[in-house]
Amino acid sequence: MKRKTKSAVAIIAIAAIIGGAFSYFKFTEQVEKPTPEEEKPKAVVEVDGEILESKPVTKEELLYPDDLTEQKVSEIIHSMSHQKVQSGAQWGHEQITQEKVDRLLALCKMNDYEHNDLYIPILERWSKGDFSNAVDDHNKVWIMHQNGNENAPGRATNLSTPEEEGYYIKEYFSGNKPDNQNEMNSGAQR
C-alpha cells in the first residue's frame, strides 16, 4: 500500500510539473506575439499635445526622415553609386534597393534641396532600374564632395560588370568578406 501511495504521489507531481511547464510556455507565447497593429512602428504627429495623425511607417521612412539634410541625401546617393561603378578609393557603402531609391526621390521632391536638379534625374533613372549613367552620376555627386577638386582620389572610371557588382555586394552587404580580403583593403579599388 505504501508503495502505491508513493507511486501515485510521484505521478501526480510529474503531471503537475508537466502541466505547469506547458501552461507557462503557452502563456508566454501568447504574451510575446505582437498584435497586427503593433507590428509596424507608427508615426505620430502631435501639435500642442494633441495627436493629429498616426500611420504605419516604413523602415526607409525611419532611416530617412522627412527632414533629412541635403548633405545626407548627397552622401547616400554617392555611397549607393559605388555598387555600380569602379573607382579609386571609395568612402561609404550603401546597398541600392528600390525602397531606398523611391524614398530618396520622394524626399527630394518634398524638400527644396539646392541640387535637386542633379538628384531627381539620377533617382528617377535608378527607380526605373537604369544605371547606364552611374559613372557620370557618381562623378557629379563625388565632385561636389571634393569641393570641385577633380584631382582628388575616387573618380569613377567605368561601370562594374555583373560579376564585379556581385563581388561588391558580397564584400560589403552579405557579412561574408571574400577570400584574401582584410579590413585594410575595404576602401581600395577592387
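Modeller: Happy to! Let's begin with Arg-103, which counts as buried because its relative accessibility is 10%. Here buried means under 20% relative accessible area, exposed means over 50%, and partly exposed is in between, using a 1.4 Å probe and protein chains only. Please keep in mind that this is a predicted model: local features need pLDDT of at least 70, side-chain atom pairs count only at pLDDT 80 or more, and totals for chains, interfaces and linings use all residues. Residues are numbered from 1 along each chain as its sequence is written, and side-chain values use heavy atoms, with hydrogens and water left out.

Colleague: Which side chain does Arg-103 meet in a salt bridge?

Modeller: That of Asp-66, at 2.7 Å from N to O. A salt bridge here is a side-chain nitrogen of Lys or Arg within 4 Å of a carboxyl oxygen of Asp or Glu.

Colleague: Where do Asp-66 and Arg-103 lie?

Modeller: Asp-66 lies in the loop between α2 (59-63) and α3 (70-81), and Arg-103 in helix α4 (residues 98-110), so the pair ties together parts that are 37 residues apart in sequence. Helices (H or I, at least four residues) and strands (E, at least two) are DSSP runs, numbered from the N terminus. Asp-66 itself counts as partly exposed, at 45% relative accessibility.

Colleague: How many salt bridges does a search of the whole structure find?

Modeller: The search finds 6. One of them joins Asp-137 and Arg-125, with the closest N and O atoms 2.3 Å apart. That pair links distant parts of the chain, with Asp-137 in helix α6 (residues 134-145) and Arg-125 in helix α5, 12 residues apart.

Colleague: Is Asp-137 buried or exposed?

Modeller: Asp-137 counts as buried, at 4% relative accessibility, while Arg-125 is partly exposed with 21%. There is also a bridge between Lys-100 and Glu-94, whose closest N and O atoms are 3.0 Å apart. Lys-100 counts as buried at 12%, and Glu-94 is partly exposed at 22%.

Colleague: New topic: how many residues does the largest nonpolar core have?

Modeller: It has 25, and among those with the most contacts inside it are Leu-68, Tyr-119, Leu-123 and Trp-126. By nonpolar core I mean a set of buried Ala, Val, Leu, Ile, Met, Phe, Trp, Tyr and Cys residues joined through side-chain atoms within 4.5 Å. Helices α3, α4, α5 and α6 each supply at least two residues of this core, and the largest share, 6 residues, comes from α5.

Colleague: What is Leu-123 in contact with, leaving aside neighbours within four places in sequence?

Modeller: With Ile-77, Val-101, Leu-104, Leu-105 and Cys-108. Contact means heavy atoms within 4.5 Å.

Colleague: And stepping back, how many helices and strands does the protein have?

Modeller: There are 7 helices and 4 strands, and from the N terminus on they run α-β-β-α-α-β-α-α-α-β-α. Of the 190 residues, 29% count as buried.

Colleague: Which elements have the lowest and highest mean pLDDT?

Modeller: Strand β1 (residues 42-47) has the lowest, 57, and helix α5 (residues 116-127) the highest, 97. Over residues 178-190 the pLDDT is below 50, and this stretch has 25 contacts in the model beyond near neighbours in sequence. For reference, pLDDT is the predictor's confidence in each residue, from 0 to 100. The protein's mean is 81, and 76% of its residues reach 70 or more.
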